[in-house]
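Subject: Structure handover

Hello,

Here is the structure you are taking over. My notes on it follow below the model.

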Amino acid sequence: MAKRIKGQEAEILIVKDGEVLDTISDIKSFEITFQLDQLSEGFLGQTTEQKDDVFKGVTGRMTLHTANDDVFDLIDAIVQKAQRRVPGKKINIKATLNYDNGDRPRVLLPDVSFGPIPLGFGSREAYGEVSLDFTSSTYQVIR
């Protein structure tokens with residue numbers, strides 16, 4: 001019987017302009033949501049509504065801790081991309097899931113866009129956290 005996957009079997013990488021940001025590795029939580037809208041339309045002479053759906057991209061969120069100031073390079077790249085100060089700037093996210101049966105699907109989110117980026121400290125004992133909300137218009141799963 002296969003074991004369920006846990007967070008320790010998930011590897012999350014942030015790729016800026018083709019370069020893996022390997023110092024951004026203390027990722028506390030990560031989630032992605034495949035955004036779909038359900039459509040429903042009723043017509044005269046029919047006894048039920050017709051259903052359809054629309055794919056609207058992928059959204060996600062991650063929370064990370066920092067051990068050095070490299071996170072500010074990432075934040076600066078995100079801001080530069082939003083301000084279009086550097087042409088062609090792209091940030092991708094790759095999640096690799098390592099199952100115990102040897103399967104290793106990789107979910108690639110190309111050219112992600114970001115929302116507000118809070119940096120906070122919950123208490124004297126709490127680690128500093130950076131939260132990244134992101135979105136991508138598409139995704140790819142590589143098996």
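**Thr-63 and its strand**

Leaving out residues up to four places away in sequence, Thr-63 touches Asp-26, Ile-27, Lys-28, Ser-29, Glu-129, Val-130 and Ser-131, where contact means heavy atoms within 4.5 Å. Thr-63 is found in strand 4. With a relative accessible area of 11%, Thr-63 is buried; buried means under 20% relative accessible area, exposed over 50%, and partly exposed in between, with a 1.4 Å probe and protein chains only.

Two remarks on the basis of all this. The model is predicted, so local features need pLDDT of at least 70 and side-chain atom pairs count only at pLDDT 80 or more, while totals for chains, interfaces and linings use all residues. Residues are numbered from 1 along each chain as its sequence is written, and side-chain values use heavy atoms, with hydrogens and water left out.

Helices (H or I, at least four residues) and strands (E, at least two) are DSSP runs, numbered from the N terminus. Two strands pair if DSSP finds at least two bridges between them. Strand 3 and strand 4 run antiparallel and are joined by 13 bridges. In this part of the model, Asp-37 stands opposite Val-54 of strand 4. Strand 4 is also joined to strand 9 (residues 128-136), again antiparallel, by eight bridges. Here Val-58 has Ser-136 of strand 9 opposite.

Glu-49 itself is partly exposed, at a relative accessible area of 40%. Not counting residues up to four places away in sequence, Glu-49 touches Ser-40, Glu-41 and Gly-42. Leu-39 is ten residues from Glu-49 in sequence, and the C-alpha to C-alpha distance between the two is 9.6 Å.

What is the strand order in the open sheet of five strands? The order is 2-1-5-6-10, with antiparallel pairing. Strand 2 (19-20) and strand 10 (140-142) are the edge strands, each pairing on one side only.

Strand 5 (residues 91-97) and strand 6 (residues 106-109) are antiparallel and pair over four bridges. Thr-96 has Arg-106 of strand 6 as its bridge partner, and Ile-93 stands opposite Leu-109 of strand 6. Strand 6 also pairs with strand 10, in the antiparallel sense and over three bridges. Val-107 has its bridge partner in strand 10, namely Val-141.

In a regular strand the side chains alternate between the two faces of the sheet. Strand 6 has Val-107 and Leu-109 on a covered face, and Arg-106 and Leu-108 on an uncovered one.

The loop between strand 5 and strand 6 contains Asn-101. Asn-101 is exposed, with a relative accessible area of 51%. A polar atom of the Asn-101 side chain lies 3.0 Å from the backbone nitrogen of Asp-103. That is a polar contact, meaning a pair of N or O atoms within 3.5 Å; within protein, one must be able to donate a hydrogen and the other to accept it, and residues adjacent in sequence count only if both atoms are side-chain atoms. Ala-2 is 99 residues away from Asn-101 in sequence, but 6.8 Å away in space, C-alpha to C-alpha.

**Lys-81 in helix 1**

Is Lys-81 buried or exposed? Lys-81 counts as buried, at 17% relative accessibility. Lys-81 lies in helix 1 (residues 70-83), and its side chain reaches the backbone oxygen of Val-112 at 3.2 Å. Neighbours within four places in sequence aside, the contacts of Lys-81 are Lys-89, Asp-111, Val-112 and Ser-113.

**The largest pocket**

Pockets were found on a 1 Å grid over the protein atoms alone: a cavity is a set of points where a 1.4 Å probe fits but cannot get out, and a pocket is an open set with protein on both sides within 12 Å along at least five of seven lines; lining residues have an atom within 4 Å of a point. Grid points are joined across faces, edges and corners, and a volume is the space filled by probe spheres set on the points.

The largest pocket holds about 200 Å³ of space. Its lining has 13 residues, with Ala-10, Glu-11, Ile-12, Ser-25 and Ile-27 nearest the centre. Strand 1 (10-16) and strand 3 each supply at least two lining residues, and strand 1 gives the largest share, five residues.

Regards
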